[in-house]
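User: Hello! I am new to this structure and would like to learn how to read its features. Could you walk me through them?

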Amino acid sequence: MKYRPSLRTRRMAMSTAVVLALSGANGPWVYRFSSERYHEYKINKPDYKAANGHWDLLDIPSGNRINTIHAALLHTGKVLLVAGSGNNRKNFDAKSFRSVLWDPKTDEFTNMPTPKDMFCSGHTQLPDGKLLIAGGTRRYEKLKGDVTKAGGLMIVHNEDPDKPITLPAGTRFTGSANGRTFVSKDPLLVERATKVFDRRTGTFLRNDAGLGRIYVEAQKSGEKYGTGTEDNYRIAGLTGSDARNVYGIAQKLALDKKDFQGIREAFEFDPVAEKYITVDPMNEARWYPTLTTLRDGRVLALSGLDEIGQIVPGKDEIYDPKTRKWQYTGIVRRFPTYPAVFLLNDGKLFYSGSNAGYGPADVGREPGIWDLATNRFRKIPGMGDADEMETSATVRLPPAQDEKFMVIGGGGVGESDRSSAKSRLVDLKDPAPRFRDGASLEEGTRYPSASLLPDDSLLVTGGSNDYRGRGGSNVLQARLYDPRTDTYKRVADPAVGRNYHSGSVLLPDGRVMVFGSDSLYADRANTRPGVFEQRVEIYTPPYLYRGSRPELTAGPKSIRRGGTGRFTTARGATITSAKLMRPSAVTHVTDTDQRSVALGLKRTAGGITVTVPGNRALVPSGWYMLFVTDDRGTPSEGMWVEVP
């Protein structure tokens with residue numbers, strides 16, 4: 001008899017077939033779903049966190065989300081996040097400039113009134129605990145196809161030795177030969193001419209004209225209103241001797257690309273009053289400058305694009321926090337924008353070669369030690385991938401006394417698709433310092449963020465293979481670097497990709513805040529424009545998953561260089577090291593403030609006594625986080641201590 005399945009059997013077979021069909025169609029989704037659930041389960045297991053740490057997204061209210069370009073830890077424990085216009089032309093045109101203050105202890109966010117566009121400014125910590133911010137954006141760049149009016153740099157000469165002259169915005173310049181008229185966009189002060197005498201005889205020789213630089217544009221749109229050669233320009237509105245003594249000279253004024261233009265304005269942010277304070281403006285407009293604190297507490301401003309959109313031609317200047325005024329150094333040295341320049345223990349400066357973009361490929365790129373007093377520059381050889389230093393990160397490895405530096409990753413000049421996986425090391429205490437290659441990253445990485453941790457390791461995270469993350473090239477990896485063994489250890493991966501306009505900040509509780517990212521495109525095919533990454537991630541290192549940690553319960557709020565301070569702690573017998581860590585002020589993965597200074601340590605009954613080194617260049621005046629570490633390598637929470 002031929003077998004005929006029962007109705008129940010037929011129903012079961014049909015159900016099984018449907019399930020198998022659905023599984024076949026949705027297999028990839030089922031696999032991804034199960035994989036993601038397993039990954040989530042895995043990274044949240046206590047033993048995984050203890051070995052690799054953990055990432056969390058910061059819950060930021062919608063009204064406080066900004067395009068964070070700059071971040072600085074303040075001695076109140078709060079973090080100042082600065083966007084300015086946030087690389088958004090609409091914000092710039094609307095004069096919508098943003099800063100937000102975040103309190104990591106309470107997770108409270110406060111919008112700060114922001115007086116100018118601090119987008120792409122420079123900043124550094126001051127001796128009194130305020131944050132100096134200088135420079136920013138006057139105008140956004142225009143690509144060649146977007147430029148409708150010919151324009152460029154007009155150099156104005158004043159040959160009158162008796163008086164300066166001020167030209168208002170809207171001043172018209174007409175070429176003597178070409179007959180074309182161009183109009184200035186801003187007011188300009190041109191200093192009087194300088195009388196030059198023969199030093200031996202006192203005989204008058206000549207007048208050296210005072211010079212001013214101003215951006216001008218044609219009155220009408222179109223290529224025919226531009227020029228291709230140098231010409232002298234008469235200035236409308238001048239009469240008598242002024243018309244003879246004051247004139248302009250310009251090279252090509254055309255429809256070429258117009259770069260970003262900087263501002264002179266400078267401000268101090270007061271962490272206690274929680275507001276910006278206007279100070280004396282810089283002598284030079286700067287966009288993408290570096291500010292580096294010197295041994296005496298004054299601040300050196302370097303490089304940047306000026307009000308014309310050109311590299312500031314080596315006119316470095318110094319800010320005095322006591323007078324709140326700027327003064328030229330009187331020496332000339334050119335660097336690309338955002339040069340990584342660090343204060344050394346003898347008061348000289350170290351330039352690692354790291355930078356963030358603008359400038360000729362063959363000017364100011366070589367690393368070396370710079371004596372600011374004499375302008376002598378001693379080049380340091382041996383740099384690996386020396387032509388891929390743009391968008392690299394530089395870190396002064398702990399302890400700062402050793403003067404060992406590491407340069408991480410980087411890429412080719414401009415919009416190059418080349419990137420380096422190298423980590424280059426140099427010992428500046430060596431009589432003949434030379435770079436050598438250290439442990440490598442897994443892949444070429446531009447824009448890596450690097451934060452010193454209180455256990456003397458280094459968190460290196462983020463970056464991208466290609467310029468601004470093109471082709472979906474963000475590196476979703478994090479590593480802990482051990483300077484003692486020159487090894488990287490892969491740890492928990494971040495959830496958010498980071499490239500251009502990103503950075504990281506060590507918090508007083510030992511966690512790390514990672515912010516920003518400004519991808520050029522939003523897809524791998526490079527067809528959709530990118531969107532600024534407003535999410536902020538917090539990395540909790542493995543040492544915070546070991547249970548209890550040492551705690552400093554009391555101690556002095558201020559310790560002088562060469563002085564000692566006694567701090568109480570219930571676990572004094574287990575403390576093995578103490579250090580002062582200077583709070584970060586970071587932008588474009590450049591942080592010249594970051595340093596970890598080892599302290600002398602003695603265990604006492606019920607606590608410890610620490611000794612601060614006496615070298616002012618090693619320990620610049622200001623506020624620091626005091627961390628102690630126990631015999632398991634677990635750090636305390638940072639206690640704020642002032643070095644006056």
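Analyst: Gladly; below we go from the overall fold to single residues.
This is a predicted model, in which local features need pLDDT of at least 70 and side-chain atom pairs count only at pLDDT 80 or more, while totals for chains, interfaces and linings use all residues. Residues are numbered from 1 along each chain as its sequence is written, and side-chain values use heavy atoms, with hydrogens and water left out.

User: How many helices and strands does the protein chain have?

Analyst: Helices (H or I, at least four residues) and strands (E, at least two) are DSSP runs, numbered from the N terminus. Here the protein chain has four helices and 48 strands. Its radius of gyration (taken over C-alpha atoms) is 29 Å, close to the 26 Å of the globule rule (2.2 Å times the number of residues to the power 0.38) for 644 residues, so the chain is as compact as a globular protein of that length. Along the principal axes, the C-alpha atoms fill a box of roughly 120 × 85 × 45 Å.

User: What share of the residues is buried?

Analyst: Buried means under 20% relative accessible area, exposed over 50%, and partly exposed in between (1.4 Å probe, protein chains only). By that scale, buried residues make up 55% of the 644 residues in the protein chain.

User: In what order do the strands of the barrel come?

Analyst: Strands of a sheet pair through backbone hydrogen bonds, either parallel or antiparallel. Two strands count as paired if DSSP finds at least two bridges between them. In this model six strands close into a barrel in the order E9-E16-E12-E11-E17-E18, with antiparallel pairing. Neighbouring strands of this sheet are turned by 40 degrees against each other on average, direction ignored (axes are lines fitted to C-alpha atoms; angles run from 0 to 180 degrees between N-to-C directions).

User: Are Arg-470 and Asp-466 buried or exposed?

Analyst: Both Arg-470 and Asp-466 are buried. They form a salt bridge too, with the closest N and O atoms 3.0 Å apart. Elsewhere, Arg-138, Arg-139 and Asp-186 are linked in a network of salt bridges.

User: Which residues does Leu-73 touch?

Analyst: A contact means heavy atoms within 4.5 Å. Leu-73 is found in strand E2 and is buried, with a relative accessible area of 0%. Not counting residues up to four places away in sequence, its contacts include Lys-78, Gln-125, Val-505, Pro-583 and Trp-640. Leu-73 and Leu-507 are 434 residues apart in sequence, and their C-alpha atoms are 7.4 Å apart in space. Across the protein chain, residues 24 or more positions apart account for 62% of the contacts with a separation of 6 or more.

Methods. A salt bridge is a side-chain nitrogen of Lys or Arg within 4 Å of a carboxyl oxygen of Asp or Glu.
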